[in-house]
Amino acid sequence: MTANSAMPSQTMPTLFVPHGAGPCFFMEWNPRHAWDAMADFLKGIAATLPAKPTAIVLVSGHWLQPTFSVTSAARPGLIYDYHGFPPHTYELRYPAPGAPALAGRIAALLDSAALGVREDAQRGFDHGMFIPLKLMFPAADIPVVQLSLRNDLDPLAHIEAGRALQVLRDEGVLIVGSGMSFHNMRGYGDPRFAPISDEFDHWLSAAVELPPGERDRTLQRWEDAPAARLCHPPKAEDHLIPLLVAAGAAGDSIGRKVFSDRVMHTTLSAYRFG
């Protein structure tokens with residue numbers, strides 16, 4: 001059990017969710033309803049879980065470090081790491097507590113897996129965390145630890161990081177990868193990318209649904225997928241790699257697509273394991 005557990009918990013699934021474009025869910029957009037389906041999906045996630053999570057470990061595509069890092073402050077602040085949006089979006093709040101004891105546990109698990117890790121008591125929560133969680137768990141009453149990506153974006157290392165954290169699921173901890181299944185900034189809004197994103201999405205969804213061992217081996221080779229580098233140009237795969245952490249943490253749990261929508265001429269999907 002984690003330090004934040006008050007009662008017996010149930011095994012949590014792992015998730016990969018799209019976090020949208022900046023603070024898109026909390027502002028007017030053109031077209032107006034572009035993000036509504038995604039927002040509704042995120043708002044509905046809590047009701048699909050076996051219990052209220054004891055804590056959340058969130059892996060954001062917006063935090064890359066030379067080695068895996070975890071937020072360890074008791075009350076992390078927010079990082080408004082988006083630019084050019086309306087003033088009110090820089091006043092959004094999500095006062096979820098941190099979980100220093102859980103951060104230490106995560107660090108120990110990653111260290112035991114020989115992956116290298118450091119605890120960061122200064123780092124706050126970026127928008128890859130607080131934007132989707134404001135919709136998923138609006139009360140902000142569940143402790144959250146954010147886990148960084150490693151900046152080499154090595155697929156196997158991130159799958160292995162997820163595997164190291166798998167045990168937390170049995171303690172009621174929800175592991176969430178937050179990114180985008182398509183992340184080519186030049187492709188958003190371009191109709192020519194509709195079939196390109198569809199091709200990659202079809203491959204990705206099929207890969208997620210493979211038997212777990214084959215799934216992880218296939219996701220490790222994601223660059224070989226059709227249209228892979230058109231959908232995730234070099235160094236833009238930071239928004240896909242959180243999916244690999246979620247897949248690694250899934251262990252023997254089966255994966256499936258649980259949401260998909262066409263936004264700005266591209267297909268964006270979410271996945272659940274278990």
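How are helix 1 and helix 3 oriented to each other, roughly parallel or roughly perpendicular? In this predicted model, local features need pLDDT of at least 70 and side-chain atom pairs count only at pLDDT 80 or more, whereas totals for chains, interfaces and linings use all residues. Residues are numbered from 1 along each chain as its sequence is written, and side-chain values use heavy atoms, with hydrogens and water left out.

The protein contains 8 helices and 8 strands, where helices (H or I, at least four residues) and strands (E, at least two) are DSSP runs numbered from the N terminus. Its radius of gyration, taken over C-alpha atoms, is 17 Å, close to the 19 Å that the globule rule (2.2 Å times the number of residues to the power 0.38) gives for 274 residues, so the protein is as compact as a globular protein of that length. Of the 274 residues, 58% are buried, that is, under 20% relative accessible area with a 1.4 Å probe, protein chains only.

Helix 1 (residues 36-44) packs against helix 3 (residues 127-136) at an angle of about 70°, and their axes lie 6 Å apart; the axes are lines fitted to C-alpha atoms over the stretch in contact, and angles run from 0 to 180 degrees between N-to-C directions. Helix 1 and helix 3 are therefore roughly perpendicular to each other, a term that covers angles of 65 to 115 degrees, while roughly parallel means under 35. At this contact (heavy atoms within 4.5 Å), A39, L42 and K43 of helix 1 meet P132, L135 and M136 of helix 3. These residues comprise 5 nonpolar, no polar and 1 charged, with Ala, Val, Leu, Ile, Met, Phe, Trp, Tyr, Cys and Pro counted as nonpolar, Asp, Glu, Lys and Arg as charged, and the others, Gly among them, as polar.

Conventions: Angles under 35 degrees count as roughly parallel, over 145 as roughly antiparallel, 65 to 115 as roughly perpendicular and the rest as oblique. Buried means under 20% relative accessible area, exposed over 50%, partly exposed in between (1.4 Å probe, protein chains only).
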